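Subject: Handing over the structure

Hi,

Here is the structure I said I would pass on. Please open it and keep it beside you as you read my notes.

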Amino acid sequence: MADGDVVNGSVDDQEVAPLAKKSAGASLLDSREDFEMLEDLEDDVDDDLPPLEDAGGGKKKSSPTKDAAKEDKTAERAPAEPEEWLDVLGNGQLRKKVLEAGAGPDSRPQKGQNVTIHLKTALTNGTVVDELTDLSFTLGDGDVLQALDLTVQLMEMGEKALIEAAAKYAYGSLGSSAPAVPPDADLLLEVQLLSADEALDLELMPPSERIILANRKRERGNVHYQRADYAFAVNSYGIALQIAEASSRVDISQEEEEELLDMKVKCLNNMAAAQLKLDHYEAALRSCVSVLAHQPDNVKALFRKGKVLALQGEFAEAIKTLKMALKLEPSNKTIHAELSKLVKKHSEQKGAEQAMYKKMLGNPSNSSVQKHRAKSSWGLSWKWLFGATAVAIGGVALSVVIAARN
């Protein structure tokens with residue numbers, strides 16, 4: 001198998017959540033398919049209160065009755081104090097607390113923007129496992145932990161916040177070797193939002209930079225795939241594919257066009273693998289067909305197309321497709337094994353169908369045997385009758401001859 005392929009793994013259900021509002025500049029990096037992967041968020045609520053008004057100067061005294069009435073009216077008008085912790089998803093597993101206020105709600109970044117943060121990662125016992133002073137990523141593209149993708153879009157410019165993230169929104173059941181995070185570990189993330197910039201127009205981006213960006217998204221998809229986060233993997237591959245397919249208003253060489261085509265094929269092949277894991281057979285088949293439209297002899301695409309067709313019950317077509325793949329790579333043991341298994345299954349299916357037809361129509365072989373036996377018995381009866389008649393006639397004739405002589 002060539003570079004860019006992905007390994008197998010098991011699939012976990014992904015939970016769903018809409019991300020922040022989409023900006024006009026972000027649309028070019030949005031995935032062509034809507035793969036919802038996080039839990040539902042409530043409608044955005046601005047938790048920032050207006051500044052308190054001046055309570056009034058001087059030391060003028062008033063009666064206790066008037067003060068009490070005034071306090072009651074003030075209590076009715078004043079909004080409730082915000083909670084110290086913001087429960088981002090409403091399930092208590094992702095919480096955010098402001099440590100240092102930012103520049104106001106209007107300064108919050110939008111999905112698709114390139115943001116830079118200062119990040120300190122610690123276990124819940126306080127052990128710091130990682131610190132990055134200028135981590136840059138595209139907000140909402142799945143380039144970082146879910147916890148960061150969901151909470152950074154709620155931060156104001158310059159804000160410093162503490163985030164409590166359950167393991168499912170961090171490194172999950174597998175943990176991480178770098179940084180060193182144990183499996184199923186909850187995390188404390190200290191984040192400061194440093195900058196947010198509009199993403200570059202893909203059509204104006206130099207082709208060499210576009211290739212690098214698409215490859216980065218594809219590699220992130222491979223990470224998701226290896227962690228069995230297949231829906232996230234499909235999303236990352238889709239973004240990489242969109243970058244590779246974008247038209248260009250700048251000069252592009254033949255070599256760069258070939259590199260972008262190769263990137264597109266890798267993304268489609270890996271996307272098909274992830275879609276197979278999600279049991280999205282029609283989508284996987286479309287991805288394989290797209291690869292074969294560019295490279296008819298692509299073994300990976302032929303192999304996965306054969307698997308999809310087999311899963312859809314199209315055994316004859318699947319066997320034909322796998323034979324094409326095996327002809328291109330005769331020593332490939334994986335294709336050999338899949339083809340042998342498929343031929344056996346197809347044979348069993350044909351046997352089952354024949355048995356069903358015999359049951360529906362009776363047993364034609366038994367009835368033909370019975371007919372043959374009946375025919376044979378009638379033949380024997382007639383032969384015996386003819387023989388007996390001939391013997392009787394012969395006897396009579398002999399008797400007549402003897403009588404005549406006497």
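Cysteine 267 is buried, because its relative accessible area is 0% and the cut-off for buried is under 20%. Cysteine 288 also counts as buried, with a relative accessibility of 1%. How many disulfides are there? The count is zero.

A word of care before going on. This is a predicted model. The mean pLDDT of the protein chain is 79. Of its residues, 66% reach 70 or more. Two stretches need caution. Over residues 6–63 the pLDDT stays under 50. The model still has 113 contacts beyond four places in sequence for residues 6–63. Residues 73–82 also have a pLDDT below 50. That stretch has four contacts in the model beyond near neighbours in sequence.

Now the overall picture. The protein chain has 406 residues, and 37% of them are buried. It holds 10 helices and six strands. Take the contacts in the protein chain with a separation of 6 or more: 69% of them join residues 24 or more positions apart.

Next, the sheet. In what order do the six strands lie? The order is β1-β2-β5-β6-β3-β4. The sheet is open, and its pairing is antiparallel. Which strands stand at the edges? They are β1 (86–87) and β4 (128–138). Each has a single partner strand, so one side of each is left without a neighbour in the sheet.

Walk across the sheet from β1. Strand β1 pairs with β2 (residues 94–100) over two bridges, in the antiparallel sense. Aspartate 87 stands opposite arginine 95 in β2.

Then look at β6 (residues 187–197). Strand β5 (residues 160–165) pairs with β6 over six bridges, again antiparallel. Here isoleucine 163 has leucine 189 of β6 as its bridge partner. Strand β3 (residues 114–123) also pairs with β6, antiparallel, over 10 bridges.

Strands β3 and β4 run antiparallel and are joined by eight bridges. Threonine 121 has aspartate 130 in β4 as its bridge partner. The two strands form a hairpin, with four residues between them. Glycine 126 sits in the turn and has a positive phi of about 95°.

One tip for viewing the sheet: in a regular strand the side chains alternate between the two faces of the sheet.

On to the helices. Start with α7, which covers residues 299–311. It has 13 residues and reaches 18 Å from its first C-alpha to its last. That is close to the 18 Å expected at 1.5 Å a residue. Is α7 mostly covered or mostly uncovered? It is mostly covered, with 10 of its 13 residues buried. Among the buried ones are Val299, Lys300, Leu302, Phe303, Arg304 and Leu309. So the buried set in α7 includes Lys300 and Arg304 as well as Val308 and Ala310, each being under the 20% cut-off.

Both ends of α7 are worth a look. Asparagine 298 caps the N-terminal end. One of its side-chain oxygens lies 3.2 Å from the backbone nitrogen of lysine 300. After the helix comes glycine 313, with a positive phi near 85°.

Serine 287 is in helix α6 (residues 281–294). Why does it count as buried? Its relative accessible area is 5%, and buried means under 20%. Leaving out residues up to four places away in sequence, serine 287 touches Leu268, Met271, Ala272 and Gln275. Serine 287 and alanine 272 are 15 residues apart in sequence. In space they are 5.5 Å apart, C-alpha to C-alpha.

Histidine 224 is in helix α3 (residues 207–226). Is it buried or exposed? Histidine 224 is buried, because its relative accessible area is 6% and the cut-off is under 20%. Which residues does it contact, apart from neighbours within four places in sequence? They are Gly142, Asp229, Phe232, Ala233 and Ser236.

Best wishes

Methods: Residues are numbered from 1 along each chain as its sequence is written. This is a predicted model: local features need pLDDT of at least 70, side-chain atom pairs count only at pLDDT 80 or more; totals for chains, interfaces and linings use all residues. Side-chain values use heavy atoms; hydrogens and water are left out. The expected span of a helix is 1.5 Å times one less than its number of residues. Buried means under 20% relative accessible area, exposed over 50%, partly exposed in between (1.4 Å probe, protein chains only). A polar contact is a pair of N or O atoms within 3.5 Å; within protein, one must be able to donate a hydrogen and the other to accept it, and residues adjacent in sequence count only if both atoms are side-chain atoms. pLDDT is the predictor's confidence in each residue, from 0 to 100. Contact means heavy atoms within 4.5 Å. A disulfide is a pair of cysteine sulfur atoms within 2.5 Å. Two strands pair if DSSP finds at least two bridges between them.
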